[in-house]
Amino acid sequence: MSTFPTAAPALTAPAPAVHRLSTAGILHSEWHKLRSLRSTWITLGTAASLVLGIGLVMGGTYTSGGGDSDIDTVVLVLYGTLLGQLCVTVLGILVTAGEYATGMIRTSLTVVPRRLPVLWAKAAVFTVTAFVWMTVTALVTFLAAQALLAGTDQAAALTDPGVLRAIAGNSAGITLLGLTALGLGASLRSVPGAVGAYIGGVLLLPEVLGMLPYDAVESALVYFPTQAAGAMGSATPIPGAASAGPALLALCLWAGASLAVAAVLVRRRDV
């Protein structure tokens, strides 16, 4: 009796692994992109160098009873923030608009088709990085400058009333300005365009409006981004400026509005 060979069982290909998107994974991806870019450390390093360098110059050249004796101690020491914040805002623009310039945004939005989680992750990673970096920079600058200011009428300690709050407010103000710039970068998708919009709309527009002889305009200007950020970085109240709480709220609203516009445009436009 003959037997027929039985057919071998068919081989089936293993099912492809399913990778689920998670908030932690998207955040990790954005952090990896941010820290791996040379421009991140160039801009942050330049910001820290400007703040620290100018702080040391102010501390080393200060004399009691001079023209700067009526300036708040934290404002005097962290005067370099006026230049350092420009570097942080450029970084905020590069985080979003820079990815459009390189075309990497296509990959990011293909992997995360819902799109908005990418924007929120970029904003979160930038916020934490900028705030921690500028807080450490401000603390180091304050302590180094105070070593030079010992024995003068600008000598102060971290435990003095309002000093730590002003240092934290200074860093928060810079971070929120950078977050506003990040939203501009995502909306305009152009590094030069976003830089120009920031300079024109955030830095120059308040100066132009300040020339108008209207009390309402003058009252509103104290809540504009750069003016509000300046008020947050002072240990003592600045005459004519907003107090720290309203200034922080105003900056949060500016940054929130910028990100909200960016979110709408990111969802509606093609890449």
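This is a predicted model: local features need pLDDT of at least 70, side-chain atom pairs count only at pLDDT 80 or more; totals for chains, interfaces and linings use all residues.
Colleague: What makes α8 roughly perpendicular to α10?

Modeller: Helix α8 (residues 191–209) and helix α10 (residues 225–232) pack at an angle of about 95°. Angles of 65 to 115 degrees count as roughly perpendicular, so α8 is roughly perpendicular to α10. Their axes are 8 Å apart.

Colleague: Which residues make the contact between α8 and α10?

Modeller: From α8 come Val202, Leu203, Pro206 and Glu207, and from α10 come Pro225, Thr226 and Gln227. By class, four are nonpolar, two polar and one charged.

Colleague: How many aromatic pairs does a search of the whole structure find?

Modeller: The search finds two aromatic pairs.

Colleague: Why is the pair of tryptophan 41 and tryptophan 133 called tilted?

Modeller: The centres of the two rings lie 5.9 Å apart, with the planes at 55°. Planes under 30 degrees apart count as stacked and over 60 as edge-to-face, with the rest tilted, so this pair is tilted. Tryptophan 41 is in helix α2 (residues 38–61) and tryptophan 133 in helix α6 (residues 116–149), 92 residues apart, and the pair links distant parts of the chain.

Colleague: Why does tryptophan 133 count as partly exposed?

Modeller: Buried means under 20% and exposed over 50%, with partly exposed in between. Tryptophan 133 has a relative accessibility of 30%, so it counts as partly exposed. Tryptophan 41, with a relative accessible area of 37%, is partly exposed.

Colleague: Why is the pair of phenylalanine 224 and tryptophan 254 called tilted?

Modeller: Here the ring centres are 5.5 Å apart and the planes stand at 55°, so the pair is tilted. Phenylalanine 224 lies in the loop between α9 (215–221) and α10, and tryptophan 254 in helix α11 (residues 244–268), so the pair ties together parts that are 30 residues apart in sequence.

Colleague: Do phenylalanine 224 and tryptophan 254 count as buried or partly exposed, and why?

Modeller: Phenylalanine 224 has 16% relative accessibility, under the 20% limit, so it counts as buried. Tryptophan 254, at 36% relative accessibility, counts as partly exposed.

Colleague: How do you know that the buried residues of α5 line one face of the helix?

Modeller: The buried residues of helix α5 (residues 104–111) are Ile105, Ser108 and Leu109. Seen down the axis of α5, these fall within an arc of 90°, so they line one face of the helix. An α-helix has 3.6 residues a turn, so residues three or four places apart point the same way. The buried residues of α5 pack against α1 (23–36), α4 (81–102) and α6.

Colleague: Which exposed residues does the face of α5 turned away from its buried side carry?

Modeller: That face carries Arg106 and Thr110.

How values were computed. Residues are numbered from 1 along each chain as its sequence is written. Side-chain values use heavy atoms; hydrogens and water are left out. Axes are lines fitted to C-alpha atoms, for helices over the stretch in contact, and angles run from 0 to 180 degrees between N-to-C directions. Helices (H or I, at least four residues) and strands (E, at least two) are DSSP runs, numbered from the N terminus. Angles under 35 degrees count as roughly parallel, over 145 as roughly antiparallel, 65 to 115 as roughly perpendicular and the rest as oblique. Contact means heavy atoms within 4.5 Å. Ala, Val, Leu, Ile, Met, Phe, Trp, Tyr, Cys and Pro count as nonpolar, Asp, Glu, Lys and Arg as charged, and the others, Gly among them, as polar. Rings of Phe, Tyr and Trp (its six-membered ring) pair if their centres lie within 6.5 Å; planes under 30 degrees apart count as stacked, over 60 as edge-to-face and the rest as tilted. Buried means under 20% relative accessible area, exposed over 50%, partly exposed in between (1.4 Å probe, protein chains only). The arc is that of the directions from the helix axis to the C-beta atoms.
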